[in-house]
Amino acid sequence: MNISWETFKVHTAHPFGISRGVKTGDDLVWFRLEHEGIEGWGEAAPQGYYGESAATVEAALQKLAPSLEQVEDPFRLESIERDLRSTLGHNGSVHSAVSSALHDWVGKRVGLPLWKMWGLDPANAPLSSFTIGIDEPDVMAEKTKEASEYPILKIKLGSPDDEARLRAVREAATDKTLRVDANAAWTPNEAVEGIAMCAHYGVEFVEQPLSHCDWDELAFVRARASLPIVVDESSIIATDIPKLDGLVDGINIKLAKCGGPREAIRMVHTARACGLSVMLGCMLETTLGIAAAAHVAPLVDYVDLDGAALLKEDPFTGPHLEAGRIILGDAPGLGVDRA
């Protein structure tokens, strides 16, 4: 295989705030592999929270290049990805970019979209939420009005005046389903109070109320929680899930975190075996970065694949949202092209 990559920057339509800070854009890496005249594409969306950056992605790809270029049969997905994991350790966004590109190549080679290769029905994909980042209450209310086409909103909390922010959104969206994501910002006592406050405003569930690794604190909060708890930062790959059984109600899978569509599907089935609900999320990513997750969406209960919809400009076209509904299409592989 021949491989290549390039780093590019995307910008958000509005400043995007979460409990850990505010973003106006991100550096992403477009990965391509070519074999037998067919190109497979993937995207790395590295996050500093997980120890990655565009520079670490490029360094990892340089390390992987010799072994990837020796691959003679891209259909050997399982063994190729096992070798990737052995070489990389866990560099989730790098692994996701390469895995997505391999799946894209296979789909194009056989002339089928991934959802059809996996025997899925796009009609079973849940509606996606649209995220309202942390800002002043009146700004969050205005962003809520701008997102009027979306029936489900995810509200970022985890800063002073959480209730004022949530109240502003609820008053601007009286009939919408609301979900809350605290991004690990609350202490256990704050989480108990925050979840009760969310219940008062008709929130459906709360995502990652606590730090990602303290199981005793998570058990303390869940025993007192008046809403379901879904974890994101606490659930990276499939082997993380069994230890969460009995501590939470669901997990959030992100391909840039777990390492791509194969690991994401393993996580879905592991969560099901533990009786947990499954949410599918994303980072700030383009349509290319979102595409592989969109093809997995018919397997899950909740979807938050709005990363590309939050951007000022998207350099790719393909699977996208229409009023929250995921539109996959019949184009082979990921179904992505340049805009």
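1. Strands here are DSSP runs of E with at least two residues, and helices are runs of H or I with at least four, both numbered from the N terminus. Please keep in mind that this is a predicted model, in which local features need pLDDT of at least 70, side-chain atom pairs count only at pLDDT 80 or more, and totals for chains, interfaces and linings use all residues. Residues are numbered from 1 along each chain as its sequence is written, and side-chain values use heavy atoms, with hydrogens and water left out.

2. The E1–E2 pair is antiparallel and is joined by 13 bridges; two strands count as paired if DSSP finds at least two bridges between them. One place to look is serine 4, whose bridge partner in E2 is arginine 32. On to the next strand: E2 (residues 21–35) and E3 also run antiparallel, joined by seven bridges. Here tryptophan 30 has glutamate 43 of E3 as its bridge partner.

3. Taken together, these three strands form an open antiparallel sheet in the order E1-E2-E3. E1 (2–18) and E3 (38–44) are the edge strands with a single partner strand each, so one side of each has no neighbour in the sheet. On average, neighbouring strands of this sheet are turned by 20° against each other, direction ignored. Angles between axes are taken between N-to-C directions and run from 0 to 180 degrees, the axes being lines fitted to C-alpha atoms, for helices over the stretch in contact.

4. Which helices accompany this sheet? Helix H1 (residues 54–69) packs on the sheet and touches E1, E2 and E3, its direction making about 155° with that of E1. Contact here means heavy atoms within 4.5 Å. Helix H3 (residues 92–110) lies across E2 and E3, running at about 155° to E3.

5. The other sheet to inspect is an open one of eight strands, paired in parallel in the order E4-E5-E6-E7-E8-E9-E10-E11. E4 and E11 (302–303) are its edge strands, each pairing on one side only. Within the sheet, E7 (residues 203–207) and E8 (residues 229–231) run parallel and are joined by two bridges, and glutamate 207 has valine 230 of E8 as a bridge partner. Helix H7 (residues 188–200) lies across E6 (177–181), E7 and E8, at about 155° to E7.

6. Now the open spaces. On a 1 Å grid over the protein atoms alone, a pocket is an open set of points with protein on both sides within 12 Å along at least five of seven lines, a cavity is a set where a 1.4 Å probe fits but cannot get out, and lining residues have an atom within 4 Å of a point. The largest pocket holds about 500 Å³ of space, a volume being the space filled by probe spheres set on grid points, which are joined across faces, edges and corners. Its lining has 30 residues, with Ile18, Arg20, Lys23, Gln47 and Met283 nearest the centre. E2 gives the largest share of that lining, five residues, while E1, E2 and E5 (152–156) each supply at least two.

7. By class, the lining of the largest pocket has 11 nonpolar, seven polar and 12 charged residues. In this scheme Ala, Val, Leu, Ile, Met, Phe, Trp, Tyr, Cys and Pro are nonpolar, Asp, Glu, Lys and Arg are charged, and the others, Gly among them, are polar.

8. The second largest pocket contains about 230 Å³ of space. Of its 16 lining residues, Ala13, His14, Phe130, Glu146 and Leu310 are the closest to its centre. E1, E4 (130–132) and helix H5 (137–146) are the elements that give two or more residues to this lining, with the largest share, five residues, coming from E1. Its classes are nine nonpolar, four polar and three charged residues.

9. The structure holds one cavity of 30 Å³ or more. Its lining consists of Lys254, Leu255, Ala256, Gly281, Cys282, Glu285, Gly289, Ile290 and Ala293.

10. Finally, the salt bridges, each a side-chain nitrogen of Lys or Arg within 4 Å of a carboxyl oxygen of Asp or Glu. The whole structure has 21 of them. In one, arginine 266 pairs with glutamate 78, with the closest N and O atoms 3.2 Å apart. This pair links distant parts of the chain, 188 residues apart: arginine 266 is in helix H10 (residues 261–273) and glutamate 78 in helix H2 (residues 77–88).
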